[in-house]
Each structure stands twice: as C-alpha cells, then as structure tokens.
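Keep the sequence and the 3D view open while you read.

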Amino acid sequence: MLKTNKLDKMACLGKVLVVEDEALIRDSIVLALIEEGYEVIVAEDGRGALELLQETKLNSPQNYPQFDLIILDLMLPYLSGLDFCRVVRREGNSVPILILSAKGTEMDRVVGLEVGADDYLPKPFGMRELIARCRALLRRHHHIQPLMAAETILKYRDVAVYPQECRVTMKGEEINLSPKEFRILELFITHPRRVWSREQLLERIWGADFVGDSKTVDVHIRWLREKLESDPSHPEYLLTVRGFGYRFG
Ligand code: CA
C-alpha cells in the first residue's frame, strides 16, 4: 500500500478498514490515514464490509483479525453500522471500532458503545481529532489484545452456526441441514430480529434468476422449523411476521 516518509516515525501503524457510504467523507478519511502511514481498505456499505471481513478471515485465519482498526459510519445501506458492529462482536472479533455518526446525541453514543464500539466521534469532526483517536485506540488495543478465536461461531440463544464447517448445533447437538436451509439460517442468525420478506429471501438465497414461487421459502422455513424448534407449530426462533415474511428471534 501507499507509504509516506512519516511511516518510520509512527509508533502504532496498522491496517484500517473504513466503512462509509458518503464518498467525500470516505475519501478525506482515507487520505488523512494514508498521510499518517496507515494501510487503508474501504467498504461502501455494511454488507460489503462484513463480506470483506469474512473473506479476509477465510483467506488467512492465522492472522485474524485482518484489520487493526475499523472506522465505521452508522447510517449505511444494506446493513447499518450498529448491526455490523453486533455481528463482528458476536463472532468474537475484538478489533477496535470507532463509530462516526451524524447522530451525536447521548443516546446514540450509548447504543453505539453498548453494541461493542470502542469510541464514538460525532460528525462533523476534524481529521486531526480522528487521527488522534485512531492512534489512541490502536495503542490501547496493542496492550490488551486477547487471543483470537480460531473459528467464527455465530450464536443465538441455543443455536450455534459454524460457517467454515457448514455445521449447526442446537443445545450442543448436531443438526443436519440442507445447503439451502443452512444458508437461510446463516443469513437469519447474522441479522437477528430483522424482518425478511419472501422476495428478499428468494433473492438472497436462491438468487435473482430464480424462477418459481415464493411458496418455496415457506416450505424451507417449515423444514427448518421441524429441525430447530422444539414445537414447530409454536416457533421460538423462526417467527412469522404476518403479512410480510419471517424473522429470526
Ligand atoms: Ca452514511
């Protein structure tokens, strides 16, 4: 990546993931970080950022986490900054996260910190302050970095999904799922309580080219319930949202 003559002088350099959908802000953050000697990777929305994290992790699990710091906007397309943060922490990834947001109220700050962010910078902000906070976070994190989990585990109550092994357990007991059922459950567990329409599920799991009926989704949900729920007619995990679709939890 780009290097500057400041590189040698910096005590805490690292690889920074910048997740920001507004190009102007993103570009100025990237420039400021590169100026300071950081290596910078960008994502334009929450889903892209999550895919990037999972992809880099799969490619070199030894060095997980692949980023030393994440600068995260809250209002993002597809997956909000808060949801992204929740997923990252649920996976046991302790990478420092600095939230940027136009929502500068105390409540928003509290929510941001509660879902696992390490710091919160309200917009608009000065680049010098941003850089100073990045440095502080990296310094702090280098002292307390714990051992990383070798494997991602997505957990929700008694359900655990092991994405690398395509394995699911319920109360520790192995459950056999078809590939489609597995992908539905993986999608649900990474977005707890999010409501999905049948059409959204068809597009995400079966792909935009799928020719068929949204009843396919209902059938797969029924099969999943039979495998996951202790009483499939009164589900606790895979809930129907009347007139719309489904949600998990
Ligand atoms: Ca935004």
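## A buried glutamate

Glu20 comes out as buried, at 0% relative accessibility (buried means under 20% relative accessible area, exposed over 50%, and partly exposed in between, with a 1.4 Å probe and protein chains only). You'll find Glu20 in the loop between E1 and H1; helices (H or I, at least four residues) and strands (E, at least two) are DSSP runs, numbered from the N terminus. Before going on, note that this is a predicted model, where local features need pLDDT of at least 70, side-chain atom pairs count only at pLDDT 80 or more, and totals for chains, interfaces and linings use all residues. Residues are numbered from 1 along each chain as its sequence is written, and side-chain values use heavy atoms, with hydrogens and water left out.

What does Glu20 touch, leaving aside its neighbours within four places in sequence? Its contacts (heavy atoms within 4.5 Å) are Ile25, Arg26, Ala43, Glu44, Asp73, Leu76, Leu100 and Lys123. With Lys123 there is also a side-chain polar contact of 3.0 Å. A polar contact is a pair of N or O atoms within 3.5 Å; within protein, one must be able to donate a hydrogen and the other to accept it, and residues adjacent in sequence count only if both atoms are side-chain atoms.

Searching the whole structure turns up 13 salt bridges, each being a side-chain nitrogen of Lys or Arg within 4 Å of a carboxyl oxygen of Asp or Glu. Side chains of opposite charge can pair when their charged atoms come close. One of these bridges joins Glu22 to Lys123, with the closest N and O atoms 3.7 Å apart. That pair links distant parts of the chain, 101 residues apart: Glu22 sits in the loop between strand E1 (15-19) and helix H1 (23-36), and Lys123 in the loop between strand E5 (119-122) and helix H5 (127-144). Glu22 is partly exposed at 40% relative accessible area, while Lys123 counts as buried at 17%.

Lys123 also bridges to Asp73, where the closest N and O atoms are 3.1 Å apart. Here the partners are 50 residues apart, with Asp73 in strand E3 (residues 69-73). Asp73 is buried, with a relative accessible area of 2%.

Another bridge pairs Glu181 with Lys227 (2.7 Å, N to O). Glu181 lies in helix H6 (residues 179-190) and Lys227 in helix H8 (residues 215-228), so this pair ties together parts that are 46 residues apart in sequence. Glu181 is buried at 3% relative accessibility, and Lys227 is partly exposed at 36%. As for Lys123, salt bridges that share partners join Glu20, Glu22, Asp73 and Lys123 into one network.

## The calcium site

Asp73 turns up again at the calcium ion, which is coordinated by Asp21 (OD), Asp73 (OD) and Met75 (O) at 2.1 to 2.3 Å. Donors are N, O and S atoms within 2.8 Å of the metal (3.2 Å for Na, K and Ca); water is not among the atoms, so sites may look incomplete. The donor residues are spaced D-x51-D-x1-M in sequence. Met75 is exposed, at 51% relative accessible area.

Which residues have the most contacts inside the largest nonpolar core? They are Val159, Val161, Leu185, Phe188 and Phe248, in a core of 26 residues. Such a core is a set of buried Ala, Val, Leu, Ile, Met, Phe, Trp, Tyr and Cys residues joined through side-chain atoms within 4.5 Å. Among the elements that each supply at least two residues of this core are strand E7 (159-162), helix H7 (198-206) and strand E12 (245-248). H6 gives the most, with 6 residues. A second, separate core has 24 residues, including Val19, Phe67, Leu72 and Ile99.

## Where to be careful

The protein chain averages a pLDDT of 83, and 86% of the residues score at least 70; pLDDT is the predictor's confidence in each residue, from 0 to 100. Over residues 1-12 the pLDDT stays under 50, and the model has 18 contacts there beyond four places in sequence. Residues 145-149 are also below 50, with 7 contacts beyond near neighbours in sequence.
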